[in-house]
Amino acid sequence: MRHSPVIALLLILGAFLLAAQPSRGAPRQWRNGVNSQNFAAPARGNAGKFQTPTAADSAVYIVRLSTAPPLSEYRGGIAGYPATATWEDGSDEEENDDDRVPEMLLAADDSGAAGGESESEPESVDLDDNADQHFPNATAPAPADAAPETSSTSSARGGRGNGGSSSGSGGCARHRLHLSMDRPQVAAFASLLQRQQAQVASEAGVGDGDLLYSFKHTSNGFAARLTPRQAWRLQRHPAVASVRRSRVFQRRTSDSPKFLGLPGKVWPAVGGQSKAGDGTVVGIIDTGIWPEHPSFSDKGFSSNFPSGWKGKCEQSNSFRCNNKVIGAKAFYTGFQRASGKPALANDWLTPRDADGHGTWCAGAAAGSPVGLQGGGQVSGMAPAARIAAYKVFWTDRSSGEMYADESDIIAAVNQGVADGVDVLSLSLGGMDPNDNYFNDLAFMRANAAGVFVAFAAGNSGAPGQSQGGGYRTVDNFAPFFLTVGASTIARGASLASAAAAAGTQSLPLNAIAGAASTNSTVNCNGTGSGNSTGNGTMPGDGSGTTFTADGGITFATSSSSAPVVADFSSRGPLIPPSATAQPPQPGNAILKPDIIGPGVDLLAAAPGKKVGDPGALARLSGTSMATPHLAGLAALIIQKFPNWSPAQVMSAMMTTARVTDTSSSPIKSSTGGDATPWEMGAGHVFPPAMLNPGLTYDARDKDYQNFLAGQDLTRAKKEFPGVSLSPLAVRNLNLPTITLPRLQGSIQVTRTVTNVGGAQSTYSVSGKAPAGVKVTVAPKSLTVGAGQKASYTLTLTVDTPSKDFKYGYIVWADDQGHSVRSPLVVQPLSR
């Protein structure tokens with residue numbers, strides 16, 4: 001039978017349309033068991049656009065679903081998903097109780113500090129723009145509730161510490177959300193998420209062999225190798241919130257404990273150096289770890305791990321963990337599939353570090369103390385903390401370049417949260433200036449689970465220095481994590497007061513030249529570049545270990561004041577202040593970096609030449625080096641205050657940061673002149689004050705969700721299904737900094753503080769207004785009870801317009817020695 005040309009054409013067209021449909025028919029109606037609904041077609045792509053790869057070859061993509069929130073957002077049931085509801089995944093299986101939303105175990109209430117708002121005086125005060133710009137209180141108050149050097153603070157979570165003694169941290173319950181994956185309800189819901197992900201992938205024609213990772217803890221989604229057509233299908237799927245190409249990240253490649261004042265006031269406040277960080281787990285997402293290094297000796301460490309630890313060690317004949325390094329895993333699926341190379345160059349497919357970057361960072365954050373020839377020792381910031389190493393960096397065999405695929409990084413973050421880490425340190429970067437906050441949701445969900453995250457600011461230097469004349473160079477600008485810049489330290493000097501430094505041992509110069517071992521660093525100051533490695537004998541037990549270098553390591557011994565913002569440390573803002581024709585970009589509305597810390601010419605652990613070697617040492621510079629310092633310090637705060645949120649830990653560091661150097665002059669920039677907040681954030685970390693900040697600025701998951709709703713409400717509704725959202729302006733996100741680009745006329749900003757000082761106190765405000773801006777603060781004083789909250793409002797009015805950013809600060813101070821400082825960064829564009 002012959003068909004007419006029209007009928008033939010219709011048959012061909014019909015066959016084409018059928019071929020374009022997903023392989024398993026139309027998407028199912030996804031229901032949450034509470035409010036059944038059909039999902040509206042999503043907006044096209046990420047941030048409104050979807051960029052199809054130009055090459056016909058497949059690539060690795062990150063896909064996030066809107067069918068349900070991830071495990072990290074549960075608190076025994078959340079809005080729209082109560083713990084008694086039954087979930088349905090669209091399958092034909094019979095409903096049963098195992099598909100109920102899990103009742104997550106929380107050690108403490110997550111609603112913020114106890115108590116309500118405290119009454120405050122209604123009077124306001126105007127800030128002077130000619131006030132002293134230095135830190136108003138150069139000496140720190142004693143850490144709150146300082147503990148003697150006993151075992152009473154050995155564990156932060158009521159489990160067992162290094163010595164097996166019970167916790168005595170005031171009975172505080174840990175804010176950290178530990179997911180009990182062995183509970184049937186939790187495991188059933190995790191399985192449900194994975195089945196939903198597989199179903200969505202299948203409906204887009206994605207085979208099981210192309211599914212690389214299933215994300216369930218900090219994201220509900222998956223990573224897969226997709227063709228452009230599969231990516232297009234997923235982007236149009238009603239159950240998909242976003243689809244985007246996986247990004248590529250790169251590394252951000254002394255006695256810093258003494259310089260930071262740890263021996264005098266900080267370590268004693270948490271039970272002494274031998275207990276500093278006890279009960280906490282620091283996760284390092286990097287190039288792996290060299291477990292035989294004396295920095296990671298487990299002498300004195302009990303086999304009773306912190307009570308919230310659920311992780312495992314990926315062991316092999318060539319890699320073993322111990323009671324110090326308690327978790328390790330390698331992630332390379334995304335790298336291999338993205339590069340198309342089944343094998344990796346000069347590396348182990350285990351957590352073992354073939355590069356040294358991760359080993360260095362792990363030692364700086366939480367390495368055990370190691371003695372030096374000639375006396376003294378080097379130590380990580382939290383030497384009693386346990387370490388979990390997640391290896392995500394690999395060397396491409398064809399190009400010789402080392403990088404990490406984003407899918408592997410997100411998988412590592414998910415694993416760290418599931419394992420029960422308290423801190424994640426990521427000395428990496430590579431984010432595009434056009435990135436948006438939604439791309440960092442995995443880290444927001446880690447924050448929601450109570451995990452503190454520290455990111456490197458980047459090594460791109462001052463604006464225009466290495467960006468082809470561009471302005472912003474800082475990486476990692478989301479508010480959910482701490483972004484760390486780098487600074488120098490001064491040999492033999494300390495940021496702490498004379499009292500804080502009393503009793504510490506000064507290392508002789510020959511010990512520095514031959515310096516030893518492990519973790520943190522040796523007193524040194526300089527601008528040298530490149531890496532050096534010393535060779536010698538290092539006993540593997542970490543007891544009285546000494547290390548003799550071959551003389552190849554040298555250090556500058558300048559006595560100039562420190563810190564100075566390192567020349568390579570990345571800066572903000574995102575766009576030039578003169579570029580007023582476009583609206584503020586994400587990197588402009590939030591001050592980044594948040595803080596600076598030691599990151600120049602620092603010595604720490606390095607791998608050996610073959611498996612079983614105790615390793616060596618390396619001198620490195622970079623924001624990669626500063627980041628683990630801050631991560632280790634965060635572990636000390638978490639140990640002391642286990643019920644604090646990650647935002648409060650960030651606040652404690654930032655509001656007590658120093659803006660003066662060892663000579664009491666303003667911190668300098670490597671580019672000349674005084675450093676600005678766009679270079680140093682809130683200032684240089686000052687540990688003697690961070691354990692007693694007085695007040696903290698807190699923000700929880702709901703605040704960040706509303707913040708993202710303020711960025712893009714439509715997308716936020718897809719990312720946070722079933723959650724009631726109230727869009728929040730960036731300026732009113734409760735951060736310890738205040739940043740206002742392109743200010744026109746007058747605007748109000750509100751902040752809320754929580755009294756963590758242990759007793760009621762009255763705080764009075766002072767500060768310095770940015771040039772050309774009138775600042776009024778109301779009320780002028782806050783009387784806040786212990787554990788209570790109080791709010792204040794700033795009214796900022798342009799007086800003298802300028803296209804440049806202007807800087808000031810406010811300080812809330814009481815009669816107990818607390819000084820809570822927040823920088824003001826304003827671009828007074830017009831009246």
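View 1. Leaving aside residues up to four places away in sequence, S425 touches G283, I284, I285, A454, T627, P628 and A631; a contact here means heavy atoms within 4.5 Å. S425 sits in strand β16, residues 423-426. Helices (H or I, at least four residues) and strands (E, at least two) are DSSP runs, numbered from the N terminus. S425 counts as buried because its relative accessibility is 1%. For the cut-offs, buried is under 20% relative accessible area, exposed is over 50%, and partly exposed lies in between (1.4 Å probe, protein chains only).

As this is a predicted model, local features need pLDDT of at least 70 and side-chain atom pairs count only at pLDDT 80 or more, while totals for chains, interfaces and linings use all residues. Residues are numbered from 1 along each chain as its sequence is written, and side-chain values use heavy atoms, with hydrogens and water left out.

**View 2. Helix α7 against helix α13.** Here α7 (residues 357-366) packs on α13 (residues 623-640) at an angle of about 35°, and the axes are 7 Å apart. Axes are lines fitted to C-alpha atoms, for helices over the stretch in contact, and angles run from 0 to 180 degrees between N-to-C directions. On the α7 side look for H357, W360, C361, A364 and A365; on the α13 side they meet S624, M625, P628, H629 and G632. Sorted by class, that contact has 6 nonpolar and 4 polar residues, with no charged ones. Ala, Val, Leu, Ile, Met, Phe, Trp, Tyr, Cys and Pro count as nonpolar, Asp, Glu, Lys and Arg as charged, and the others, Gly among them, as polar.

**View 3. An open, mixed sheet of 5 strands.** The strand order reads β27-β34-β33-β29-β31. β27 (738-744) and β31 (781-784) are the edge strands, each with a single partner, so one side of each has no neighbour in the sheet. From one strand to the next, the twist averages 25°. β27 and β34 (residues 819-830) run parallel and are joined by 5 bridges; strands pair if DSSP finds at least two bridges between them. L743 stands opposite P828 in β34.

**View 4. The buried face of helix α5.** In α5 (residues 262-269), the buried residues are L262, V266, W267 and A269. Down the helix axis they fall within an arc of 165°, so they line one face of α5; the arc is that of the directions from the helix axis to the C-beta atoms. These buried residues pack against α4 (256-259), α13 and α16 (687-690). After α5 comes G271, with a positive phi near 100°.
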